[in-house]
Amino acid sequence: MSNSKIENNLFYLFITIVLVLQVYFILINEITFGGTDNITHFQIAKYAFKYPELFLDHWGKPLYTTLSAPFAFFGFRFAQAFNVIVAILTLFVLYKTAQSIFAEGALLPVVLTAFAPIYFFLTTSCLTEILFSFILVSATYLFIKNRFIFSAIVLSFIPFVRSEGIVLMPVFATA
């Protein structure tokens, strides 16, 4: 079996382990990382269907609210599941990005990201950082694949996930 095939199999095994671990933490934990911001993001998403102006609330981050509202409608644990799904998608895109850059060893950035302490704890929260990482990694992947217009389009959504993301636009423009 070739090294890339082994690495791909290890990646899917790793993603499965991370998914099971995060779902386990959602089910057993009474509290999550993030404090009141965590609860506020959840409540904005939960009540956005009842009060549509919440979809445009900048503190709640419009893109995060729009994407997480269908999950939050069913409760806090489902809203947490949204972040877990986005985290898994982020790790998948990160793996594809790393494969484009490195001939071997693309699994290492995925492992380091998944188990970075803050990222690991935020995965089961209702905070916007996980969606931010997905948008950033997706824009980077498209950029590396010379899909500059699509990368710019994806990157243009980043201020609607986290305001701090605006500082990344000049970096991409310079590159």
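**Entry 1: what covers α7**

I began with the cover over the buried residues of α7, and in this predicted model the cover includes α3 (62-72), α4 (76-101), α6 (117-122), α8 (148-155) and α9 (168-174). Which residues of α7 are buried? I noted I130, L131, F132, S133, I135, V137, S138 and A139.

I then checked the length of helix α7, which runs over residues 129-144. Its 16 residues, at 1.5 Å a residue, should span 22 Å, and the end C-alpha atoms are 22 Å apart, so the two agree. Just past the end of α7, I found N146 with a positive phi of about 60 degrees.

Next I looked up how the nonpolar side chains group. As a reminder to myself, nonpolar side chains tend to be buried together in soluble globular proteins. The largest nonpolar core here has 22 residues, and I130, L131 and V161 have the most contacts inside it. Two or more residues each come from α2 (35-46), α3, α4, α6 and α7. Which element gives the largest share of this core? It is α7, with five residues.

Setting aside neighbours within four places in sequence, V161 touches K61, L63, T128, L131, F132 and I135. Apart from this core I found another, of 17 residues, with I15, V18, V84 and A98 among them.

**Entry 2: T65**

Is T65 buried or exposed? T65 sits in helix α3, and I logged T65 as buried because its relative accessible area is 0%, and buried means under 20%. Beyond neighbours within four places in sequence, T65 is in contact with I44, A45, A48, L54, F55 and G60.

**Entry 3: empty space**

Last, I went looking for holes. Rolling a probe the size of a water molecule over the atoms shows where empty space is left. How many cavities of 30 Å³ or more does a search of the whole structure find? I came away with one, and the largest cavity has a volume of about 30 Å³.

I wrote down its lining as V18, Q22, A87, L91, A114, Y119 and T123. The elements giving two or more residues to that lining are α1 (3-28) and α4. Sorted by class, the lining has five nonpolar residues, two polar ones and no charged ones. I also marked V18 as a name to revisit: V18 lines the largest cavity, and V18 is among the residues of the 17-residue core.

Note on methods. Residues are numbered from 1 along each chain as its sequence is written. This is a predicted model: local features need pLDDT of at least 70, side-chain atom pairs count only at pLDDT 80 or more; totals for chains, interfaces and linings use all residues. Side-chain values use heavy atoms; hydrogens and water are left out. Helices (H or I, at least four residues) and strands (E, at least two) are DSSP runs, numbered from the N terminus. The expected span of a helix is 1.5 Å times one less than its number of residues. Buried means under 20% relative accessible area, exposed over 50%, partly exposed in between (1.4 Å probe, protein chains only). Contact means heavy atoms within 4.5 Å. On a 1 Å grid over the protein atoms alone, a cavity is a set of points where a 1.4 Å probe fits but cannot get out, and a pocket is an open set with protein on both sides within 12 Å along at least five of seven lines; lining residues have an atom within 4 Å of a point. Grid points are joined across faces, edges and corners, and a volume is the space filled by probe spheres set on the points. Ala, Val, Leu, Ile, Met, Phe, Trp, Tyr, Cys and Pro count as nonpolar, Asp, Glu, Lys and Arg as charged, and the others, Gly among them, as polar. A nonpolar core is a set of buried Ala, Val, Leu, Ile, Met, Phe, Trp, Tyr and Cys residues joined through side-chain atoms within 4.5 Å.
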